[in-house]
Amino acid sequence: MSTWILSPHADDAALSLAVALRSEVFPEPIGVVTAYSVSTFAVDEGRSQSSITAMRTAEDSRFAAAFDVSIRQLGLRDAPLRRSIKGTDVFDLRLPVLSRSVNALARRVRSIQNDWSKTTLVVPSGVGGHIDHRVAARASDGLPASSVFAYADQPYAIQDPRLLDQLRERRGEPDWSATASTRNVAVKVEASEYYPSQPAAARMIAALGVASPPTILEAVWRIQ
Ligand SMILES: [Zn+2]
């Protein structure tokens, strides 16, 4: 692959980078690495782990076909299924980013490809507070790549514009961003609709369905 996008969960690349994918921002071909693909998290939580995991994998596949990307599932268990996090709020900022989680994820991502010298890596910024996003943001530090870009995690940065301001303070103006044109809103709604099992996708569609949607829909910074 020329580009790998690190997506903590099935839906993060779609919610955060759909317009970027349609705008040829990153070198092609593009692969999406879905890190925490084993999950019990869905609107309909009454189903088994295997059934929800399969449903989310199928959602990822339909998105991939429509947006011309490949998907690689790493098969790691998402936060609510990990012993260190069980029973706590996954958005609790007091949850520590454990180095064993960071190292495990970095090791798995590194193993998907031998030669990273010509590869662009696109990683989450970890805003919004979800522990899996914070781990994924940190894991990128230990990964080899010819260039690294970080994206604003959505729908969090759309729902809370202060998060985008914080990223601007840290990194300056984005190197690329998508504004709320009719076309861009339509692309984001389309991408979100591939994930009907996910509350975050529903929140994204709701945020875009109002009379004046948020000004910046996606933002990307070159960080290396
Ligand atoms: Zn996520």
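1. The chain contains 8 helices and 7 strands; helices (H or I, at least four residues) and strands (E, at least two) are DSSP runs, numbered from the N terminus. The radius of gyration is 16 Å, close to the 17 Å that the globule rule gives for 224 residues, so the chain is as compact as a globular protein of that length. The radius is taken over C-alpha atoms, and the rule is 2.2 Å times the number of residues to the power 0.38.

2. This is a predicted model, in which local features need pLDDT of at least 70 and side-chain atom pairs count only at pLDDT 80 or more, while totals for chains, interfaces and linings use all residues. Residues are numbered from 1 along each chain as its sequence is written.

3. The C-alpha trace spans about 45 × 40 × 35 Å along its principal axes. Of the 224 residues, 41% are buried (20 or more other C-beta atoms within 10 Å of the residue's own, with C-beta atoms placed from the backbone). Among contacts with a separation of 6 or more, 81% join residues 24 or more positions apart; a contact requires C-beta atoms, placed from the backbone, within 7 Å.

4. Helix α1 (residues 12-22) and helix α7 (residues 182-192) have axes that come within 9 Å and cross at roughly 130 degrees. Axes are lines fitted to C-alpha atoms, for helices over the stretch in contact, and angles run from 0 to 180 degrees between N-to-C directions. α1 and α7 are therefore oblique to each other (angles under 35 degrees count as roughly parallel, over 145 as roughly antiparallel, 65 to 115 as roughly perpendicular and the rest as oblique). From α1 the contact takes Ala 14, Leu 15, Ala 18, Val 19 and Arg 22, and from α7 Asn 184, Val 187, Lys 188, Ala 191 and Ser 192.

5. Ala 13 also lies in helix α1. It counts as buried because it has 30 C-beta neighbours inside 10 Å. Apart from neighbours within four places in sequence, Ala 13 is in contact with Ile 5, Ser 7 and Val 32. Its C-alpha atom is 9.3 Å from that of Ala 191, 178 residues apart along the chain.

6. A second pair is helix α3 (residues 99-110) and helix α4 (residues 131-139), whose axes come within 9 Å and cross at roughly 60 degrees. α3 and α4 are therefore oblique to each other. Ser 101, Val 102, Leu 105, Ala 106 and Val 109 of α3 meet Val 135, Ala 136, Arg 138 and Ala 139 of α4.

Terms used: Two residues are in contact if their C-beta atoms, placed from the backbone, lie within 7 Å. A residue is buried if 20 or more other C-beta atoms lie within 10 Å of its own, exposed if 12 or fewer, and partly exposed in between; C-beta atoms are placed from the backbone.
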